[in-house]
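The sequence and coordinates are shown first, and the discussion follows.

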Amino acid sequence: SNTIARAIQHAESAVSLEPDLPFAHFALGRLLSRRFIGDLEGAHAAFERAIALDPNYTDAYAFASIVQITEGRAEEGLETIEEACARNPVPPYWYFMPLGLGHYLLGEYEAAEAALTELLDRNPNFLNAMRILMAIYGQTDRADDAQWLAFEYEALGSPATITELLNATNVEYAPYRAAIAEGLKLAGLPD
């Protein structure tokens, strides 16, 4: 749409006007990584540039990690988000999303659960974390816990069917989507 094209134009001109401003690159990366644009390569390059200009720009690491994970590189993404947490001793709640997702996709369910539980302690209505936590419960044989979480999820106004949960997730990489679907199925959620 026109609005999106304009937004990209503004972000790109900010970068050319202030090529040494980490935030300009970060803003461009945020925009390009959005689902409705989905230029993950461009987004990743922009986050890398922001980090090169400011090695302590931890939000840029965090978003870079999300891009890496959704592209199918969970190990790399996990290293990136761990770097962000190492550089930011008080990481914001949303850093725990790529942390939890990365661990989940690598089959490290305990670490995944710890990260997402921490996130939900700080922000109880974070639907993305709830979706992956349901899958973790499926993988760890706790359908009852998944059921309770599904009730909570639906109480927040979203249907907890496998189809709807997968539609809402931003992970496009097929093997990862399949891993999430598998967890949700094992959790006993309806199709």
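Which residues line the largest cavity? The lining consists of Arg 131, Ile 132, Leu 165, Thr 169, Ile 180 and Leu 184. The model is predicted, so that local features need pLDDT of at least 70 and side-chain atom pairs count only at pLDDT 80 or more, while totals for chains, interfaces and linings use all residues. Residues are numbered from 1 along each chain as its sequence is written, and side-chain values use heavy atoms, with hydrogens and water left out.

**Cavity and pocket**

On a 1 Å grid over the protein atoms alone, a cavity is a set of points where a 1.4 Å probe fits but cannot get out; a pocket is an open set with protein on both sides within 12 Å along at least five of seven lines, and lining residues have an atom within 4 Å of a point. Volume is the space filled by probe spheres set on the points, which are joined across faces, edges and corners. Helices H8 and H11 are the elements that give two or more residues to the lining of the largest cavity. Helices here are DSSP runs (H or I, at least four residues), numbered from the N terminus.

The table sets out both spaces; Ala, Val, Leu, Ile, Met, Phe, Trp, Tyr, Cys and Pro count as nonpolar, Asp, Glu, Lys and Arg as charged, and the others, Gly among them, as polar.

| Space | Volume | Lining by class |
|---|---|---|
| Largest cavity | about 30 Å³ | four nonpolar, one polar, one charged residue |
| Largest pocket | about 590 Å³ | eleven nonpolar, five polar, four charged residues |

The largest pocket is lined by 20 residues, and Arg 30, Ser 33, Arg 34, Ile 66 and Asn 170 lie nearest its centre. Helix H2 (22-33), H4 and H6 each contribute at least two lining residues, with the largest share, four residues, coming from H4.

The 13 residues of H11 (residues 174-186) should span 18 Å at 1.5 Å a residue, and the end C-alpha atoms are 18 Å apart, which agrees. The expected span is 1.5 Å times one less than the number of residues. Tyr 176, Arg 177, Ile 180, Ala 181, Gly 183 and Leu 184 of H11 are buried (under 20% relative accessible area, against over 50% for exposed; 1.4 Å probe, protein chains only). Viewed down the axis of H11, these buried residues fall within an arc of 160° and so line one face of the helix; the arc is that of the directions from the helix axis to the C-beta atoms. Ala 174 and Lys 185, on the other side, are exposed. Helices covering the buried face include H4 (58-70), H5 (74-87), H6 (96-105), H8 (127-139) and H10 (162-168), where contact means heavy atoms within 4.5 Å. Gly 188, which follows H11, has a positive phi near 80°.

In H8, twelve of the 13 residues are buried, so the helix is largely enclosed by the rest of the structure. Its buried residues pack against H6, H7 (109-122), H9 (143-155), H10 and H11. Asp 141 follows H8 with a positive phi, near 65°.

Gln 68, placed in H4, is buried with a relative accessible area of 3%. Beyond residues up to four places away in sequence, Gln 68 touches His 44, Arg 73, Ala 74, Glu 76, Gly 77 and Thr 80. Gln 9 lies in helix H1 (residues 2-17) and is exposed, with a relative accessible area of 55%.
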